[in-house]
Amino acid sequence: MNTPRPRHILISAIIVVRNGERFLTDALQSVIQQTRPPDEIIVVDGQSTDRTAEIAQDFPGVRYFLQPDLGIANARNLAIAAAAGDFVAFLDADDTWTADKLAVQMAYMQAHPALMYTTTWLNHFFDPVCPPRPGYRPEGFGQGIEGRFPGTMLARRTVFAQVGPFNPAYAIAFEVDWFARAQDAGVPADVIKTVLLHKRIHTQNNSVQREQFRQEWFQVMRQSLLRKRDYAPAYPGGDAR
């Protein structure tokens, strides 16, 4: 009796970028040099005016998309819709993966098939032309810290049908919003306590827009509290405990 061949599990690696000519080559090389390479690489270009498009299209096998609108949330949603993979992994164009990033996460998720996504630890590094910035935890530059970011995530593509897309109403906190919605919905997930992402700190990081992020973060947390109230079981007498 012939044993059916196992279906090939596809991984789509997604990079969103806008005017990223300084960093994009490093990001793409860290994807291509994976010990378990992705089965496709998607680059979504947010209407760059530098050499981003040329760099992306010079890499063999890259599926290049020019984003018709703006915003990182919209770019990620476009890439998810275009992806052919059963799993999707994200990388910001200014960051890099460790060489075993996809191999470690795929092995873990195959061993734990109930999980819809995993995240990992990360560490930070300063771009040489960026002066040191206050406010970062020292261990983030050494042993690493937990990073609930798309860059640390490997997800089953179906999770985005369950949780929904990234919300473009948030200019910066759309990632925090997505993970909050996933957690509030009880989506099975786990953290792999290994550094698999190197996150670059430079002068143009979105995170430097701290006041806007703070305002959006409070909106996200308020919406999360409202969802938790709606999910809370009702008890006799009409109260929720």
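Q: Why is Phe 160 called buried?
A: Buried means under 20% relative accessible area, exposed means over 50%, and partly exposed lies in between (1.4 Å probe, protein chains only). Phe 160 has 8% relative accessibility, so Phe 160 counts as buried. This is a predicted model, in which local features need pLDDT of at least 70 and side-chain atom pairs count only at pLDDT 80 or more, while totals for chains, interfaces and linings use all residues. Residues are numbered from 1 along each chain as its sequence is written, and side-chain values use heavy atoms, with hydrogens and water left out.

Q: Is Trp 178 buried or exposed?
A: Trp 178 has a relative accessible area of 0%, so it is buried.

Q: Why is the pair of Phe 160 and Trp 178 called tilted?
A: The ring centres are 5.1 Å apart and the planes stand at 40°, so the pair is tilted. Phe 160 belongs to helix α5 (residues 159-163) and Trp 178 to helix α6 (residues 174-184), so the pair ties together parts that are 18 residues apart in sequence. Helices (H or I, at least four residues) and strands (E, at least two) are DSSP runs, numbered from the N terminus.

Q: Which kind of pair do Phe 166 and Phe 174 form?
A: The centres of these rings are 6.2 Å apart and the planes are at 90°, so the pair is edge-to-face. Phe 166 is buried at 1%, and Phe 174 is buried at 2%. Ring pairs link a cluster that includes Phe 160, Phe 166, Phe 174 and Trp 178.

Q: How do you know that the charged end of Arg 76 sits over the ring of Phe 166?
A: A charge sits over a ring if NZ of Lys or CZ of Arg is within 6 Å of the ring centre and within 35 degrees of the ring normal. The charged end of Arg 76 sits over the Phe 166 ring, 5.8 Å from its centre. Lys 199 has its charged end over the ring of Phe 149, 5.1 Å from the centre.

Q: What makes β1 and β4 a strand pair?
A: Two strands pair if DSSP finds at least two bridges between them. β1 and β4 run parallel and are joined by 6 bridges. Ile 11 has Phe 87 in β4 as its bridge partner. β4 is also joined by 3 bridges to strand β8 (residues 154-156), and these two run antiparallel.

Q: Why is β4 called largely enclosed?
A: In β4, 6 of the 6 residues are buried, so the rest of the structure largely encloses this strand. Phe 87, Ala 89 and Leu 91 are buried on one side, and Val 88, Phe 90 and Asp 92 on the other.

Q: How do you know that the buried residues of α1 line one face?
A: The buried residues of α1 are Leu 24, Ala 27, Leu 28, Ser 30 and Val 31. Down the axis of α1 they fall within an arc of 160°, so they line one face of the helix. The arc is that of the directions from the helix axis to the C-beta atoms.

Key: Rings of Phe, Tyr and Trp (its six-membered ring) pair if their centres lie within 6.5 Å; planes under 30 degrees apart count as stacked, over 60 as edge-to-face and the rest as tilted.
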